[in-house]
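Trainee: I am new to this structure. Please take me through some of its contacts, one question at a time.

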Amino acid sequence: GFRESNSSSRSLYRIASTAAPKKGSALKKRLVKLVVNFLFYFRTDETEPIGALLLEHCKISKEEGKNVFSISFHEEPERKYYFECDTEEQCQEWIDVLRKASYEFMRSSLIFYRNEIQKMTGKDPLEQYGISEEARFQLRARKL
């Protein structure tokens, strides 16, 4: 199913190619919606997204200033996407959820919990779902 955080939450949104937004520059108000590992953004008066960020190979950082965080990508670290929230708590909630949205995070969590269950029960919990030995081997091998 969908995993969403504050799907109707209003966030101010700005794309900047510099290290920080310029003083006095206006942020554009956008609605943002997280669906699995895509962060969609919308104009406040439209239902179709105007863009999306795939949250893989990225860094999510708290920025200096009031309730602001940024997303930057490893391939293009000088370009940052800035988000301003209404409160500090909302800002931290978005940071926490976005950091957990990537496939790599979900994959490492699956491996961790699979190993913990196997230690406790002596059985591979993925076996009952018909996941092949080859797929389990790939999970194990990548961990090394």
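Mentor: Start with a definition: helices are DSSP runs of H or I with at least four residues, numbered from the N terminus. Keep in mind that this is a predicted model.

Trainee: By about how much of the helix are Lys119 and Glu116 separated in helix 2?

Mentor: Helix 2 covers residues 103-121. Lys119 and Glu116 are 3 residues apart in helix 2, so their separation is about one helical turn.

Trainee: What is the N to O distance in the salt bridge of Lys119 and Glu116?

Mentor: Lys119 is exposed, at 64% relative accessible area, whereas Glu116 is partly exposed at 27%. Their side chains meet in a salt bridge, with N to O at 3.1 Å.

Trainee: Which residue in strand 7 is the bridge partner of Val68?

Mentor: Strand 6 (residues 68-73) and strand 7 (residues 76-84) run antiparallel and are joined by 6 bridges. They form a hairpin with 2 residues between them. In strand 7, Val68 has as its bridge partner Glu84.

Trainee: Are the rings of Phe38 and Phe40 stacked or edge-to-face?

Mentor: The structure holds 4 aromatic pairs. Planes under 30 degrees apart count as stacked. The ring centres of Phe38 and Phe40 are 5.9 Å apart and the planes are at 25°, so this pair is stacked.

Trainee: Are the rings of Phe112 and Tyr113 stacked or edge-to-face?

Mentor: Phe112 is partly exposed at 45% relative accessibility, and Tyr113 is exposed at 53%. For the angle, over 60 degrees counts as edge-to-face. The centres of these rings, Phe112 and Tyr113, are 5.0 Å apart with planes at 80°, so the pair is edge-to-face.

Methods:
Residues numbered from 1 in each chain as written. Predicted model: local features only at pLDDT ≥ 70, side-chain atom pairs only at ≥ 80, totals over all residues. Heavy atoms only, no water. Pairing = 2+ DSSP bridges. Phe/Tyr/Trp six-rings, centres within 6.5 Å; stacked < 30°, edge-to-face > 60°. Buried < 20%, exposed > 50% of the residue type's maximum accessible area, 1.4 Å probe, protein only. Salt bridge = Lys/Arg side-chain N within 4 Å of Asp/Glu carboxyl O.
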